[in-house]
Amino acid sequence: MLDASLAEVDPELAELVEGERRRQLGTLDLVASENVPPRAVLDAQGSVLTAKYADGYPGDRHYDLCEWVDGVETLAIERAKSLFGAEHANVQPYSGSSANMAVLDALCEPGGTVLGWDFEHGGHPTQYLSGTFAGRHYRTASYGVRRDDRLVDMDQVASLVEQLRPKVVFAGWSCYSRWLDFRLFRQICDSVGSYLVVDMAHFAGLVAAGEHPDPVPYADACTMTVHKTLGGARGGTIICREDLAERVDAAVFPGTQGCPLPHVIAAKAVTFLLAASDAFRERIARTVEGARAIAAVLVEAEGRTASPVVTAGTDVHQLTVDLGPSGRLAGDVWARLNRVGISANAMRLAYDVAEAPAGSGLRFGAAALATRGLDAADFSEVGDILADVLDGSFDSAGAASEKALARRVQALLERFPIYRYR
Ligand SMILES: *Cc1c(COP(=O)(O)O)cnc(C)c1O
């Protein structure tokens, strides 16, 4: 039993995994949070390290014989610190959500006040929303984007901070297309002594590659995922100032987690190594260029799609389209995207005109496709395909044009295969 492969032991499950592998090969992945982890990451994450218990931190474990996993975790910590120029790193958080939970546990007593970025305005629920750890254990409030230009409302941030004097202010988003002014966030936080936590779950890869303003000099702590634009291990990481290190570490373990996942920490170490390379920087530059190329095509096509690009473009790896003026619902267009072989996200937007839960927003990200190898010209072709899907006249053209678009998607996928090693 120990040496038999998954296919031998559990063909039913193996078939599901293989089905998902083929789905990934055959889908043009525009989900902004997804990526294509390299084989080295999959190898580390599937390694024997999964068997080891190692509660605690390198050199200070509750289990014996941890020298190898100490080596693994120390590598991951040192690489994370050097990649981001951070004073301290904790690589144990199981996910971006657990990283946010731990940071709150470290910086704020239960019942304290926390200010987060509103979910429908592009923020993440774990920063403040009722029903999450944050919303249940803290007094929370949220800020959002302005109605006129859909940029984050820094006046609102300032007035909420002045009024509520929060212990923690989160800056960071899941769905937003422009850079943030971390210096201004810092100034506002300093006016009342709030901690600034930058939740860079989405844009950590851009920060690592120097393609995004660096939050590290301004933030007390930054939380991130390692699997979104960083493109690697499935999990979270926290970096922070040295004087908060002890509190952050205690909040991760034993505060909110048990034993770390040594195999995932190994995969994070590989991810941080790769993210320090020229190839990674080139890829992230191409990612941002790709998102811009898609946005440019969709801005050009607004006449026929009646679906403006929110903020008329992007500085980052993703962009959002507002179907509101077209009168169509994101859910309907989403289904059509799936039929031609594209995956993306349908979501409610700030000030959404639609009643439906999926709202009027479609979010497109370029990270996974840039990892696959697409360049700016290829991303323009992706934009052209999206413009055709969003075109109002598409409804009457029907199945024939869907077939033609599916063929164009297929042509792109065949030019940029993934996981050739199998
Ligand atoms: C994705 C995300 C998270 C949560 O990360 P998970 O690993 O999915 O738990 C937290 N904050 C932001 C801003 C995110 O985009």
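This is a predicted model: local features need pLDDT of at least 70, side-chain atom pairs count only at pLDDT 80 or more; totals for chains, interfaces and linings use all residues.
Now zoom in on the ligand's oxygen atoms. Click Ser-174: an N or O atom in its side chain is 2.7 Å from a ligand oxygen. Hop over to Gly-96, where a polar backbone atom is 2.9 Å from an oxygen of the ligand. Then try Ser-95, whose side chain has an N or O atom 3.4 Å from a ligand oxygen. How much of the ligand does the protein bury? Taken alone, the ligand exposes 380 Å², and 87% of that is buried by the protein.

The ligand sits in the largest pocket, which holds about 1300 Å³ of space. To find the centre of this pocket, select Gln-24, Pro-37, Leu-42, Arg-234 and Tyr-419, the closest to it of the 47 lining residues. Then highlight helix H2 (11-25); H2 brings the largest share of the lining, seven residues. Colouring the lining by type gives 16 nonpolar, 18 polar and 13 charged residues.

Last stop: the second largest pocket, with a volume of about 440 Å³. Select Phe-119, Gly-122, Cys-175, Met-347 and Arg-348, which lie nearest its centre among 24 lining residues. That lining splits into 10 nonpolar, nine polar and five charged residues.

How values were computed. Residues are numbered from 1 along each chain as its sequence is written. Side-chain values use heavy atoms; hydrogens and water are left out. A polar contact is a pair of N or O atoms within 3.5 Å; within protein, one must be able to donate a hydrogen and the other to accept it, and residues adjacent in sequence count only if both atoms are side-chain atoms. Accessible areas come from the Shrake-Rupley method with a 1.4 Å probe; for residues, only the protein chains shown count as cover. On a 1 Å grid over the protein atoms alone, a cavity is a set of points where a 1.4 Å probe fits but cannot get out, and a pocket is an open set with protein on both sides within 12 Å along at least five of seven lines; lining residues have an atom within 4 Å of a point. A molecule sits in a cavity or pocket if more than half of its atoms lie within 2 Å of its grid points. Grid points are joined across faces, edges and corners, and a volume is the space filled by probe spheres set on the points. Helices (H or I, at least four residues) and strands (E, at least two) are DSSP runs, numbered from the N terminus. Ala, Val, Leu, Ile, Met, Phe, Trp, Tyr, Cys and Pro count as nonpolar, Asp, Glu, Lys and Arg as charged, and the others, Gly among them, as polar.
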